[in-house]
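Hi,

As promised, here is the structure we talked about. My notes follow below it.

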Amino acid sequence: NADTAMYMAKENGRNTFFFYAAEMNSQSLEQLLLANDLRKALKQNEFYLKFQPQIDLRNGGMVGIEAMLRWNHSDLGEIQPNRFIPLAEETGLILSIGRWVLHQACKQAYFIQQKCGKKLRVAVNLSAKQFQDPKLVSAIRQTLQETGLPAESLELEITESILMENVEKAQHLLNKLKQMGVRLAIDDFGTGYSSLSYLREFPIDRIKVDKSFIQKVDTHPDDAAIAKAIIVMGHIIGMKVVAEGVEQKEELKFLQQNDCDEVQGFYFSPPLTAEELSQRILNQPEFCFFQP
Ligand code: C2E
Ligand code: MG
Ligand code: MG
Ligand code: MG
């Protein structure tokens, strides 16, 4: 891109060069502005959480929810996590944002548990920087105390690459979290480099098969074979297997036939606010039970 810009600048003279230089920088300028807004977003209350149901395939019951961070920017409107989480990581802001997410997720999950009398588990996504934070364990302990959420109702989602960055450190940290009673899940499994036999070394409860495989199980035999293998091997090493990004009936059928434990995706429900979720649990009890 930069090469093309230089080439065109040479072809067309100086003014074009300035034009393309401005163009080239516009992305980093946008990032800079966005990072600046990100810094203020917490204080200005622009973040909120949505929760996506997770369903147990044995009985079709909702057993958990995953917290998804949302940013409602004052001028730009809704901004996708894929656009701002990396930025929050780079700037280090993820530490304070992550704390906020953890606290809100536990507080709202406790609210839903109380209001609906249903002991739902809540999953919270952790990024690499949070996982390296020496205060992570104490922050989680404190959050559980402050919100009243039972430790076993909290699940932390981390990716394989985070584990593989520093295996010994990760093992130590996961063991500490496990001792507290918190559950652990591997997110986006299949997209990184770790092997399942390697995961055996960690006290993991659940692996989440990445949605890129799930969305092709009905059309691409290779992806179907990979998904099948992950389910079988996950079970061999004593883990539950969750499929994320389930959108179609055929995908669900495949997962049922292959003994997947839990599912999550638009086929069942998009992420909902805590209010929407509790309303639906109370007003439509069948919402908690999916009849495939
Ligand atoms: P993820 O943890 O793998 O979350 C799943 C993403 O897939 C979510 O996107 C969810 O809305 C979306 N999704 C759910 N069902 C379906 C489906 O049936 N089809 C498709 N195509 N997509 C589905 P979202 O909310 O945009 O989040 C994207 C990523 O941002 C998450 O991926 C997670 O890595 C990150 N993220 C979100 N919230 C947080 C957070 O609080 N903290 C951190 N560190 N990362 C977060
Ligand atoms: Mg996740
Ligand atoms: Mg995922
Ligand atoms: Mg499909």
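**Pockets and a metal site**

The largest pocket has a volume of about 1100 Å³. On a 1 Å grid over the protein atoms alone, a pocket is an open set of points where a 1.4 Å probe fits, with protein on both sides within 12 Å along at least five of seven lines, and lining residues have an atom within 4 Å of a point. Volume here is the space filled by probe spheres set on the points, which are joined across faces, edges and corners. Of its 39 lining residues, Glu-66, Met-68, Pro-81, Asn-82 and Asn-125 are the closest to the centre.

This is a predicted model: local features need pLDDT of at least 70, side-chain atom pairs count only at pLDDT 80 or more, and totals for chains, interfaces and linings use all residues. Residues are numbered from 1 along each chain as its sequence is written, chains are lettered from A and ligands numbered from 1 in the order written, and side-chain values use heavy atoms, without hydrogens and water.

The second largest pocket holds about 260 Å³ of space. Its lining has 15 residues, with Phe-131, Gln-132, Lys-169, Ala-170 and Leu-173 nearest the centre.

Now the metal. Gln-215 (O), Asp-218 (OD) and Glu-251 (OE) coordinate the magnesium ion (ligand 4) at 2.4 to 2.7 Å. Donors are N, O and S atoms within 2.8 Å of the metal (3.2 Å for Na, K and Ca); water is not among the atoms, so sites may look incomplete. Glu-251 is buried, at 1% relative accessible area, while Gln-215 is partly exposed at 30% (buried is under 20%, exposed over 50%, partly exposed in between; 1.4 Å probe, protein chains only).

Best wishes
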